[in-house]
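This report looks at a single structure through its strand pairing, its ligand surroundings and its helix packing. Please keep the sequence and the model in view while reading.

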Amino acid sequence: MLEQEHTSVASVERKRIDWDKIIEWDRDYCFHIEKALSEWLPIPIAKCDGAYVIDANGNKLLDFLSGLISVNAGQRNPQIVEAIKDSLENYGYLWEFFTTPYKSEAAKIIVKDILGADSWAGRVHFVGSGSEANEEALQIAKLYTNRPYVITREYSYHGWTQGAGACTRVRYWRGSLSSPNSSEYRPVPGFPADGYFAAPAPFCYRCPYGYKGPEQCQVNGIVACLNELEHIILTLGPENVAAVITELVCGGSLIVSPIEWVRGLRVLTKKYGILLIDDEVMSGFGRTGKWFCYQHYGITPDIMTTAKGIVSSHLPAAGVVVSREIANFFDKYRWWHAVTFSSHPVSMAAVVANLQFMMDVDLPKRAEKSGLYLEKRLRELSPSHKSVGHVSGMGLFWGIEIVRNRETHEPFIKEDRDVTGAGDISKWPITVVQQRALEKGVLMGGLVPNCLRLGPALTVTEEEIDRAIDALDYALRPLDAECV
Ligand SMILES: Cc1ncc(COP(=O)(O)O)c(C=O)c1O
């Protein structure tokens, strides 16, 4: 029987954990994701610590994905842990109708201290998750504009709920079922919901029009995929389009938007009075080396959704930031809307402590610096691996396009970002890399079959980056051997 000492956060309470029982209960009573029961393999974790998770056998795994690219300030950050404990001295649950020091301060830090210099943000409303934040942003956009339709972009991930899920365009990651033993694939019927339309992604590495980059594809100063977006707007009727929602760096499918596309998008949305919803659930709070990804592009959004890094995933919390114009509009009305877990005092205490920590150590700057080191190491590694087709990213948010042929960009899995997730996925590049990196004690992986993503805690050290690069060097070898 696998048994081990478990030390609590305060290192005072010790108890024996019967891991066999824990695994049995997980297998028998938990609803599993990503794997059918026949292929399910438990990964029992005993502790989280900084950039690491420690398994039940005491193996210290370097988490180069920081959870779901979400533990920006590192696991069990002491400032956040203390704040959570302190808040419980006085607060339990209160709903958002009440004013608490934590909620007020969290909002002030985000709107004034962090975003104030960009002069656009008016108010923030707190919710519990990224999907919920996007769901709410869509509703706000529709109410404000009084228009019904939303345009998203191909290969983006915005969550799984009805509206946010309709905006998610990595089709197999929309709650679908895929069989491990056959090609059977079952998308959620009726999904994506009506009223949501997709524009092409500015995916220059695999440009659907065959261009080699934004310099090549402009007509009257507008890139080809934005011309397509304008066409969609015009056929729907601009008077019907409430918002365009997008990630600027796609967190799931790792597509970094070119500046020409982002700037052109902002011009286009303003031209038609359409709101721009910037989903910074993954890219926000220092991940890309600035507080928010939009700041790399010299634009500002109308609505920005955040989650994950807002609290470094210590507790559930998310926030929707709206522009001053939208805030002024809502100020005139009663908004009949309540979210049970909005502004939970304990979550808000964690948000305040997390943001205070980020400001104290200038975590975005630190991510920028470590990101440059990670980029250097990735670019040094690439030439010696035939399977590395394209390396892209910013800050501590990187993607590697793994290819069978570097010249032609031929992917290993030909359906690429349009896969169903059915059948044997053991040969998927991300599966191979994930398993081999794990042999070296490093967690990495991806969401789409040919694209590896890297996103460690923003507190990661250069030594830890070196360790991850060594693991990657080892993990890529069998794929190199299959390259043509
Ligand atoms: C860009 C983006 N938006 C939305 C979401 C959904 O967030 P959640 O899983 O908290 O609902 C995610 C989750 O990974 C995300 O990466």
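Predicted model: local features only at pLDDT ≥ 70, side-chain atom pairs only at ≥ 80, totals over all residues.

The sections below take up the strands, then the ligand, then the helices.

## Basis of the model

## Strand β14 and its two partners

Strand β14, which spans residues 318-323, is mostly covered, with six of its six residues buried. Pairing with strand β6 (residues 121-127) is antiparallel and rests on six bridges, while pairing with strand β13 (residues 303-306), likewise in the antiparallel sense, rests on four bridges.

Which residue of β14 is the bridge partner of V124? The partner is V321, and V321 is also the residue of β14 that bridges to M304.

## An open sheet of four strands

A separate description applies to the open sheet of four strands, whose order is β3-β4-β5-β18 and whose pairing is mixed. Because β3 (45-49) and β18 (442-443) stand at the edges and each has a single partner strand, one side of each is left without a neighbour in the sheet.

## Surroundings of the ligand

The ligand is surrounded by 14 residues, of which the closest are S129, G130, S131, G159 and V281. By residue class, the shell divides into seven polar, five nonpolar and two charged residues. Helix α5, covering residues 130-145, gives the most to this shell, contributing three residues.

## Helix α13 and the helices it meets

Helix α13 (residues 462-475) and helix α11 (residues 363-381) have axes that come within 10 Å and cross at roughly 25 degrees. Since angles under 35 degrees count as roughly parallel, α11 and α13 are therefore roughly parallel to each other, and the crossing in which α11 passes α13 is right-handed.

How are α12 and α13 oriented relative to each other? The axes of helix α12 (residues 429-439) and α13 come within 8 Å and cross at roughly 125 degrees, so the two helices are oblique to each other. The crossing of α12 and α13 is right-handed.

How values were computed
Residues numbered from 1 in each chain as written. Buried ≥ 20, exposed ≤ 12 C-beta atoms within 10 Å, placed from the backbone. Pairing = 2+ DSSP bridges. Near = placed C-beta within 6 Å. Nonpolar A, V, L, I, M, F, W, Y, C, P; charged D, E, K, R; others polar. Axes fitted to C-alpha atoms, helices over the stretch in contact; angles between N-to-C directions. Parallel < 35°, antiparallel > 145°, perpendicular 65-115°, else oblique. Left-handed = near helix turned anticlockwise from the far one by under 90°.
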